[in-house]
Amino acid sequence: MIKEIGKYFIFLGRILVNRETFKTYYKLVLEECIAIGIGSIFLVALVATFMGAVTTVQTAYNMVSPLVPDYVISQVVREMVILELAPTIMALIFAGKIGSSMASGLGTMRITEQIDALEVMGINSISYLVMPKIIASVLMYPLLVIVAGVCAMAGGYIVGALVGFITPEDYIYGIRASFNEFTITFALIKAAVFAFLVSSISSYKGYYTQGGSLEVGIASTEAVTTSVIAILLADYSLAQILLTND
Amino acid sequence: MIKIQSINKSFGEKVVLNDISGTFEKGKPNLIIGSSGTGKSVLLKCIVGLVKPDIGQVFYDGRDFYAGDSELKTEIRREMGMLFQGGALFDSKNVLDNVKFPLDVLTSMKSDEKLDRVNFCLQRVGLENVNQKMPSEISGGMKKRVGIARAIVNNPNYLFCDEPNSGLDPQTSMLIDELIQDISEDFDITTIVVTHDMNSVMGIGERIMYLYKGEKLWEGTKNDITHSGVKELDDFVFANKVMNSLRDK
């Protein structure tokens, strides 16, 4: 375990040495941004919309006291979505979709000697292959989180209005009432950290794949599992560090 | 010229290479031969730096690869071209981009210069009108040729070929062998070919190193190989039925 963590940090260190020109990375980062951002937007929007809708229904179901005004439903939805559902649940989906794709892509490159080919050319394969993935993830995932947040709240709005749990006016009022801007900052910090963890861990697992196609599958699964654990640990740590009032 | 000195490599308890030394000359193919599992590919990987030997040195025209810093290693590597067993073409790039790749990343050539160079290399390996095809759309022999074109596109001083004929029919194998020989002579580069194909050995074996269970048992040319006096090498050479029938005659 300790050896594996050490190897992971050495891997991260190697990203920064013997780099190629900025022009080389610029194009690669753009390609990765398109693959990660555009490629995930539909899934993120779909999951987030339903997540927001379900959260609204469940919150309304639990608000049984006539003393609690209806707009509290959308206040609860807003806080849940911004603080936890959009950054964290989406990160788990991000790990499943993008993380596994990164690990299997690099794993396949490893077993078909494409990574060796880069090394023989004198190119730092870790830097060339992994750095663009990490940069693109850290740039794109926070944007996906913003999309997820908007879609989730829109999902809640639609369901609330359609089913009649809450009027559109109350919903909008609740979304805006007592809003603390720091929650957005917190969500974006979380998003950047999770994106870094998912992309670096998945790349690490894929890069060091040994064997054949079976091992590529195993690396992909391990990438998702390890990323999910890392996300949950980081989620708790960030909440503890950034949301304590002391 | 490449010189290797006392290369030793073990994986755990298993000794894969034991005290291998030798010299690989410029301008002609140097073959490393032996049965499967004798350490040929590991030796090649030790030479190019993909696997670090436990003990031993590799000199590229007098430059000690493993004693040098990362800059020297990068400098030497940028003088290398390598053809991998499966071609190792980048799946996501078409033939043109695969061959152009080293020029894109390692040089500051202009686009039209790169294109000229790529077309020259593809013509040199006998490929035309395949620029836009993806690696999955071309045959094994074509992949090898594209691999060779990519290996020579940046004017290497050293060319390495790992089992260039594996999975190819005899006719295509012969073409690939001839191509490797011609390229080595025309561009005056140091070429090392790892193979267990006796047709290659008899075709382009100007300089041969025979490995057996991780040790160098014999060194010579294709003219001497049939009367080396080394039992293990005789067993290897005459395992081929054609070679065996020639011996009987």
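How many bridges join strand E7 (residues 158-162) of chain B to strand E8 (residues 190-195) of chain B? Five, and the two strands run parallel. The views below start from there.

Before you look: this is a predicted model, where local features need pLDDT of at least 70, side-chain atom pairs count only at pLDDT 80 or more, and totals for chains, interfaces and linings use all residues. Residues are numbered from 1 along each chain as its sequence is written, while chains are lettered from A and ligands numbered from 1 in the order in which they are written.

**View 1. The six-stranded sheet of chain B.** Here six strands make an open sheet with mixed pairing, in the order E6-E7-E8-E3-E9-E10 (chain B). (Strands, E, are DSSP runs of at least two residues and helices, H or I, of at least four, numbered from the N terminus; two strands pair if DSSP finds at least two bridges between them.) E6 and strand E10 (215-220) of chain B are the edge strands, each pairing on one side only. Ignoring direction, neighbouring strands in this sheet are turned by 15° against each other on average. (Angles run from 0 to 180 degrees between N-to-C directions, and axes are lines fitted to C-alpha atoms, for helices over the stretch in contact.)

**View 2. The four-stranded sheet of chain B.** This open sheet goes E2-E1-E4-E5 (chain B), with antiparallel pairing. Strand E2 (14-24) and strand E5 (63-64) of chain B each have a single partner strand, so one side of each has no neighbour in the sheet. Strand E4 (residues 55-60) of chain B is joined to E5(B) by two bridges, and B:Tyr60 sits opposite B:Arg63 in E5(B). Helix H1 (residues 40-48) of chain B packs here as well, touching strand E1 (2-11), E2 and E4 of chain B.

**View 3. A hairpin in chain B.** E1(B) and E2(B) form a hairpin with two residues between them, pairing in the antiparallel sense over seven bridges. Look for B:Ile7, which stands opposite B:Ile20 in E2(B). In the turn, B:Gly12 has a positive phi of about 65°.

**View 4. Two helices of chain A.** Helix H5 (residues 125-163) and helix H6 (residues 168-176) of chain A pack at an angle of about 150°, with their axes 9 Å apart. That makes H5(A) roughly antiparallel to H6(A) (angles over 145 degrees count as roughly antiparallel, under 35 as roughly parallel, 65 to 115 as roughly perpendicular and the rest as oblique). A:Met153, A:Gly156, A:Tyr157, A:Gly160 and A:Ala161 of H5(A) meet A:Pro168, A:Tyr171 and A:Ile175 of H6(A).

**View 5. Where chain B touches chain A.** Chain B brings 15 residues to the contact and chain A brings 13 residues. On the chain B side, helix H2 (70-77), strand E6 (80-83) and helix H3 (95-106) each supply at least two residues.

**View 6. Confidence along chain A.** Chain A averages a pLDDT of 92, with 99% of its residues scoring at least 70 (pLDDT is the predictor's confidence in each residue, from 0 to 100).

Note on methods: Contact = placed C-beta atoms within 7 Å.
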